[in-house]
Amino acid sequence: MVKKTINALACALIAPLAFAQTSTTTAEQMTTGSGTVTTYEPGKIIVVGSENAPDTFSYVLDNTVRYVNKAGRQIDEHLIKPGTRVHVYYDGTGETPVVNRVVVDQVKAKISRKLKAAGS
């Protein structure tokens with residue numbers, strides 16, 4: 001009889017936990033786009049031309065956007081110019097895509113030009 005009472009109490013205590021509802025938050029849905037920069041206004045907007053079509057896509061730049069190279073190292077945002085190949089990572093849940101990260105495929109460093117000029 002004591003065992004039945006203990007089992008009943010244990011079940012009564014566990015049941016609310018088993019049927020409790022939990023709220024889950026979904027992770028931000030990140031979407032990517034890539035192409036060549038046609039227009040760039042630091043801190044405001046970046047317009048990227050599609051690689052496979054004549055379309056361009058405008059993205060709003062988040063206040064905390066990170067600019068990195070392919071290796072993931074942070075770069076100076078002012079190195080981005082029209083013609084630069086980029087991949088943009090943005091939140092795809094709203095009406096206006098807001099870019100959180102810009103990965104630059106290749107940045108021509110001013111240093112390399114200076115080295116070539118010095119070697120000539």
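Author: Asn52 has its place in the loop between β2 (45–49) and β3. Helices (H or I, at least four residues) and strands (E, at least two) are DSSP runs, numbered from the N terminus. The model is predicted, so local features need pLDDT of at least 70 and side-chain atom pairs count only at pLDDT 80 or more, while totals for chains, interfaces and linings use all residues. Residues are numbered from 1 along each chain as its sequence is written, and side-chain values use heavy atoms, with hydrogens and water left out.

Reader: Is Asn52 buried or exposed?

Author: Buried means under 20% relative accessible area, exposed over 50%, and partly exposed in between (1.4 Å probe, protein chains only). Asn52 has 76% relative accessibility, so Asn52 counts as exposed.

Reader: How far apart are the C-alpha atoms of Asn52 and Gly35?

Author: Along the chain, Asn52 and Gly35 are 17 residues apart.

Reader: In which order do the elements of the protein run from the N terminus on?

Author: The secondary structure comes to 2 helices and 5 strands. Read from the N terminus on, the elements run α-β-β-β-β-β-α.

Reader: In what order do the 5 strands close into a barrel?

Author: Strands of a sheet pair through backbone hydrogen bonds, either parallel or antiparallel. Two strands count as paired if DSSP finds at least two bridges between them. In this barrel the pairing is mixed, and the order is β1-β2-β3-β5-β4. Neighbouring strands of this sheet are turned against each other, on average and with direction ignored, by 60°.

Reader: Which residue in β4 stands opposite Gly33?

Author: Strand β1 (residues 30–41) and strand β4 (residues 85–91) run antiparallel and are joined by 7 bridges. The residue in β4 opposite Gly33 is Val88.

Reader: Why is the pair of Tyr40 and Tyr67 edge-to-face?

Author: The structure holds 2 aromatic pairs. Rings of Phe, Tyr and Trp (its six-membered ring) pair if their centres lie within 6.5 Å; planes under 30 degrees apart count as stacked, over 60 as edge-to-face and the rest as tilted. The rings of Tyr40 and Tyr67 have centres 6.3 Å apart, and the pair is edge-to-face because their planes stand at 80°.

Reader: How many residues apart in sequence are the parts that this pair ties together?

Author: Tyr40 and Tyr67 are both buried. Tyr40 lies in strand β1 and Tyr67 in strand β3 (residues 56–69), so the pair ties together parts whose separation in sequence is 27 residues.

Reader: What about the rings of Tyr59 and Tyr90: at what angle are their planes?

Author: Tyr59 lies in strand β3 and Tyr90 in strand β4, so this pair ties together parts that are 31 residues apart in sequence. Tyr59 counts as buried at 6% relative accessibility, and Tyr90 counts as buried at 14%. Their ring centres are 5.0 Å apart, and the pair is tilted because the planes are at 45°.

Reader: Which residue has its charged end over the ring of Tyr89?

Author: A charge sits over a ring if NZ of Lys or CZ of Arg is within 6 Å of the ring centre and within 35 degrees of the ring normal. Over the ring of Tyr89, 4.0 Å from its centre, sits the charged end of Arg101.

Reader: Where is Leu79 found?

Author: At 35% relative accessibility, Leu79 counts as partly exposed. Its C-alpha atom is separated by 9.4 Å from that of Val104, 25 residues apart along the chain. Leu79 is found in the loop between β3 and β4.

Terms used. Axes fitted to C-alpha atoms, helices over the stretch in contact; angles between N-to-C directions.
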